[in-house]
Amino acid sequence: MDKPAPKTDVFQANRDRVAPLLKKLRADGIGHMIDGKIVASISGETFETKSPVDGTTLASVSRGNAEDIDRAATAAALAFKSWRDMGPAMRKKLLHRVADAIEDNADDIAVLECIDTGQAYRFMAKAAIRAAENFRFFADKCGEARDGQNTPSDEHWNISTRVPIGPVGVITPWNTPFMLSTWKIAPALAAGCTVVHKPAEWSPVTADMLAKLVKQAGVPDGVLNTVHGFGEEAGKALTEHPAIKAIGFVGESATGSAIMRQGSETLKRVHFELGGKNPVIVFDDADLDRALDAVVFMIYSLNGERCTSSSRLLVQASIAEKFIEKVTARVKALKVGHPLDPATEIGPLIHERHLAKVCSYFDVAREDGAVIAVGGKTHDGPGGGHYVQPTLVTGANAKMRVAQEEVFGPFLTVIPFRDETDAIEIANDVRYGLTGYVWTNDMGRALRVADALEAGMIWLNSENVRHLPTPFGGMKASGIGRDGGDYSFDFYMETKHVSLARGTHKIQKLGI
Ligand code: NAD
């Protein structure tokens with residue numbers, strides 16, 4: 001009989017894996033990738049990135065400003081023509097090679113992401129694999145990027161085609177930064193655009209890895225440039241640069257407004273994926289066991305630092321007491337711990353400022369007159385980092401700040417509702433409109449509610465399960481535009497109309 005395989009200590013293996021990577025990171029620091037070269041800022045300025053686990057410095061990072069952005073945008077502009085004109089077959093091959101390189105380094109990316117962002121390994125273990133999938137998906141779409149339509153009229157063929165818009169800026173946030181960056185960068189490159197990426201200043205580590213892997217895969221110099229730095233400096237300069245034709249941005253709604261202002265002089269095309277205060281609506285006829293799993297997963301996974309999190313639980317009054325009881329038991333049992341420990345469900349929050357923001361909502365809840373049923377305190381976790389107790393707020397109503405504002409942490413607000421009309425009204429009574437989740441076994445009701453919800457993405461009897469060809473994006477203050485599948489090409493490309501005459505139509509004769 002085969003002996004059972006020895007139980008591996010994944011936590012220890014993760015620590016062993018990350019230690020030499022961190023040693024190298026500390027020694028090398030993080031520079032910009034501009035025109036295929038790792039360079040320091042022209043000013044020589046740097047900033048430090050620290051681990052949310054224990055506050056130790058992970059790396060000294062080059063702090064880019066307008067001069068560095070100018071260098072990167074110029075490199076992207078110079079590389080644009082040859083990248084655009086490269087045949088789609090070659091582009092496809094290169095993007096698949098990027099995916100291969102990401103897969104080969106997936107374990108390193110996972111542990112570094114855990115240490116840089118505080119995200120738990122159980123969620124990060126597969127993040128790089130999903131990032132590689134983003135590259136493969138768009139690699140396979142290179143051949144159709146230029147596709148258009150023929151809409152013939154009596155005397156013309158009217159053909160549309162798409163051409164890449166030019167060098168673009170991609171500005172990303174710190175939540176699942178590696179995966180999220182690839183989601184924007186892969187379609188831009190597949191479309192034939194060159195890119196200047198400005199990653200979030202709180203999570204520069206894996207953006208640096210991505211830049212290096214893209215180079216290692218053989219993507220020509222200048223096609224992907226990465227400039228590190230702060231939003232108000234490097235980010236702002238990118239949105240104002242005349243060579244940059246469009247900005248793909250993921251981040252807070254207020255930053256989206258700022259970018260729109262900053263980009264107005266140069267008439268930037270913008271694509272915004274912004275904040276959310278997403279409802280999960282549980283009706284009394286739903287499969288309550290599955291609903292419970294999804295409710296807990298969609299707010300307490302990824303530290304609740306997730307734009308699509310269902311941060312408002314709308315539960316039908318007839319089942320509210322029992323359902324809240326079950327949610328309460330689950331939340332109490334969540335494991336807060338070191339992000340490299342595979343048992344951990346909630347790691348430390350990204351930054352002390354973000355921890356302070358999340359914790360400020362404990363008082364907001366109390367002042368509103370709601371009840372903190374679970375949590376409501378910081379947590380003394382390993383390394384003494386930015387840990388917080390998973391928090392459940394009950395006794396809330398739709399008008400309270402805890403029901404209106406994005407907390408972006410492991411913080412769930414429960415609001416009971418009477419009936420379908422009431423549920424829809426509460427769900428829509430926020431400035432955001434990213435996702436909505438509906439749990440009911442009444443198909444007619446599911447469709448009615450899906451139709452009435454003001455949200456860009458709705459899942460019926462499901463948590464958020466991403467399918468890459470589908471449109472991703474929000475309504476209202478949650479965003480402008482859609483990503484995914486062909487929708488991404490609509491943003492990164494210009495649609496061009498070409499009309500071919502049959503030579504039969506009458507042309508007006510003037511000046512005779
Ligand atoms: P943020 O807006 O503070 O920062 C995002 C990026 O914008 C960073 O790289 C930052 O440096 C840069 N930036 C800041 N000010 C800028 C400016 N004036 N000009 C140009 N760039 C600037 O957001 P965050 O705190 O890093 O991320 C959390 C937010 O992102 C949450 O609101 C979350 O909901 C949202 N988010 C949305 C989605 C989505 O798909 N809708 C996905 C992930 C995160």
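**View 1. Helices and a strand around the ligand.** In this predicted model, α9 (231-240), β9 (246-250) and α10 (253-262) each supply at least two residues of the ligand shell. Four residues come from α9, which gives the most. Helices (H or I, at least four residues) and strands (E, at least two) are DSSP runs, numbered from the N terminus. Local features need pLDDT of at least 70 and side-chain atom pairs pLDDT 80 or more, while totals for chains, interfaces and linings use all residues. Residues are numbered from 1 along each chain as its sequence is written, and side-chain values use heavy atoms, without hydrogens or water.

**View 2. The shell.** The ligand is surrounded by 29 residues (a heavy atom within 4 Å). Lys198, Glu201, Thr255, Leu274 and Glu406 are the closest. The shell has 14 nonpolar, eight polar and seven charged residues; Gly counts as polar.

View 3. A backbone N or O atom of Leu274 lies 2.7 Å from a ligand nitrogen. A polar backbone atom of Glu252 is 2.9 Å from a ligand oxygen. For Gly231, a backbone N or O atom lies 3.3 Å from an oxygen atom of the ligand. The protein covers 92% of the 850 Å² of accessible area that the ligand has on its own (Shrake-Rupley method, 1.4 Å probe).

**View 4. Between two domains.** Domain 1 (32-46 + 79-274 + 478-496) and domain 2 (279-460) both give residues to the shell, so the ligand lies between them. Domain bounds come from an automatic or database assignment.

Definitions and conventions. A polar contact is a pair of N or O atoms within 3.5 Å; within protein, one must be able to donate a hydrogen and the other to accept it, and residues adjacent in sequence count only if both atoms are side-chain atoms.
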